[in-house]
Amino acid sequence: MTKDKIRETVLRALGGVAPEADLSQIKPDLRIRDQLDIDSMDLLNFVIGLHKELKVDIPEADYPRLATLDGCIEYLASLRDLR
Amino acid sequence: MPQLGADMSAGKLLGWRKRVGDRVQRGEIIADVETDKADIEVEVFAVGVIEKILIRPGEKVPVGTVLAIIQEEGRPAEAETPSAPQAMRGEPPPAAAAVPVRPIPVRPSVLTPGTPRLHISPVAKKLAADLGINPASIAGTGPGGRVTLEDVQKAAQIQPTPVAEPDRRARMRQAIAAAMARSKREIPHYYLSTTIDLSRAMEWLNQENLKRSVEDRLVYGVLLIKAVALALRQVPELNSIWSGEKALPCPDVHVGVAISLRGGGLIAPALHHTDRQTLDELMKNFRDLVQRARAGSLRSSELSDPTVTVTSLGEQGVEAVFGIIYPPQVALVGFGKVVERPWSAEGQIVSRPVITATLSADHRVSDGHRGGLFLSAVDRCLQEAEKL
């Protein structure tokens, strides 16, 4: 899967968690949590969203790697199942 | 108009989901109401048939106003006085009606024009369409609740007109301000805090989540909520409602969880029978509650039933929160963030994840001694997370 496709999927999953957010304004290198005011429940829902769309099982230990949009894309691109 | 919290003085009826002649069941959602904080689904706490609808969509009425009359099953018809019926006042169910939590499926906030139950004459339907009024929002007065031409004409007269009302956020701020000012004015708060070693709980949670699929994982917040609920059984006076003169102990534990709304404001709906739910049930219901709170589809009982509030600001980096009690409750429990701290254990200084738990309590109802016992009970519960 290309990084552009992954980016689209990540933004879609974020849209499911914070439907009122203007995702076009997200700065890719800043913490998503701070930009969208999301909490741990939202983070879990985001991970569930990624799981449903990409069929990936992200362990809790890897959650810190999902902190920014760039980080999400890099992390997901590194997963063998998505290469 | 149900009282959905101390900060509510009036509400606007958005629409009916039932019509005259419809049968209603306990727990069924019958109407939607707009409050300063959210749009709420009003449940009914009786079984019967809707006899008369008194308030039309668009009308804003004070708390306590009778919205409609239900002829309760097994009861003879009474005179049509506003004091006779009770079922649609949105009052919480009596204590004896405690039942296991059975989430009601989320429904759309208003009926759509295609709703099969709609009974309306063709000419009335055309007029409603011309006027841009949703016929499903009109209470029919014709035979069997049929919407007549006159009903549509009347509805047109009371359709909400744009007025310069403060927006929802401003109104929510005003409502919170009123409730919190009242709380600080009337309730003699006392505050306690304790630091709890979370290493066992976090280790248990990590191991537990490793065994679970992504969708079944737990967040540590549900451990805190369950620990509070169980501790309240041990210090039940904190699970009370202040009636104006004295505290009335609540037989059931309905923890209200403070949920921040994006863009500002907060709401604290109940997780019903918190102490009786398993962690899996709590997680499922908590997720659902957060989602619905932010989507604006909470139910009336979720706002009228909390017997205590739990708030957590840990994710905002706060180490301890000393909250203001939400009347008529008599206690509020706060949690800060989980931090690694030096901790003395078995003669060694070790690093442990700890959390600060706080209690704000009403001194008219409990003393610091009992409050301390409560926080100790929360601590004990969290040391045995596998039993939660």
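Read along its sequence, chain A follows the pattern α-α-α-α. The model is a predicted one. Chain A holds 4 helices and 0 strands. Its mean pLDDT is 87, and 95% of its residues score at least 70. Among the elements of chain A, helix 4 (residues 69–78) has the highest mean pLDDT, at 92. The lowest, 87, belongs to helix 2 (residues 32–36) of chain A. Where pLDDT is low, the predicted coordinates should not be read in detail.

Of the 83 residues of chain A, 47% count as buried. Contacts in chain A between residues at least 6 apart in sequence were also examined. Of these, 53% join residues at least 24 apart. Helix 4 of chain A contributes six names to the buried set: L69(A), C72(A), I73(A), Y75(A), L76(A) and A77(A). These buried residues pack against helix 1 (3–17), helix 2 and helix 3 (40–54) of chain A.

The loop between helix 3 and helix 4 of chain A contains K55(A). K55(A) is not a glycine, yet its phi is positive, at about 60°. K55(A) is exposed, because its relative accessible area of 63% is over 50%.

A positive phi also occurs in chain B. H273(B), a residue other than glycine, has a phi near 50°. H273(B) is found in the loop between strand 14 (270–271) and helix 6 of chain B. Its relative accessible area is 7%, under the 20% cut-off, so H273(B) is buried.

Another backbone feature of chain B involves two prolines. P327(B) and P328(B) are joined by a cis peptide bond. Omega is about 5° there. P328(B) sits in the loop between strand 16 (308–312) and strand 17 (331–335) of chain B.

Helix 6 (residues 279–295) of chain B includes R287(B). R287(B) has a relative accessible area of 23%, which lies between 20% and 50%, so the residue is partly exposed.

A helix pair in chain B was then examined. Two packed helices are described by the angle between their axes and the distance between the axes. For helix 5 (residues 220–234) and helix 8 (residues 368–383) of chain B, the axes come within 8 Å. They cross at roughly 135°. That angle falls between 115 and 145 degrees, so helix 5 and helix 8 of chain B are oblique to each other. The crossing of these two helices is right-handed. On the side of helix 5 of chain B, the contact is made by L223(B), L224(B), A227(B), V228(B), L230(B), A231(B), L232(B) and Q234(B). Helix 8 of chain B supplies R370(B), F374(B), A377(B), V378(B), R380(B), C381(B) and L382(B). By class, the residues of this contact divide into 12 nonpolar, 1 polar and 2 charged.

Note on methods:
Residues numbered from 1 in each chain as written. Chains lettered and ligands numbered in written order. Predicted model: local features only at pLDDT ≥ 70, side-chain atom pairs only at ≥ 80, totals over all residues. Heavy atoms only, no water. pLDDT = per-residue confidence, 0-100. Buried < 20%, exposed > 50% of the residue type's maximum accessible area, 1.4 Å probe, protein only. Axes fitted to C-alpha atoms, helices over the stretch in contact; angles between N-to-C directions. Parallel < 35°, antiparallel > 145°, perpendicular 65-115°, else oblique. Left-handed = near helix turned anticlockwise from the far one by under 90°. Contact = heavy atoms within 4.5 Å. Nonpolar A, V, L, I, M, F, W, Y, C, P; charged D, E, K, R; others polar.
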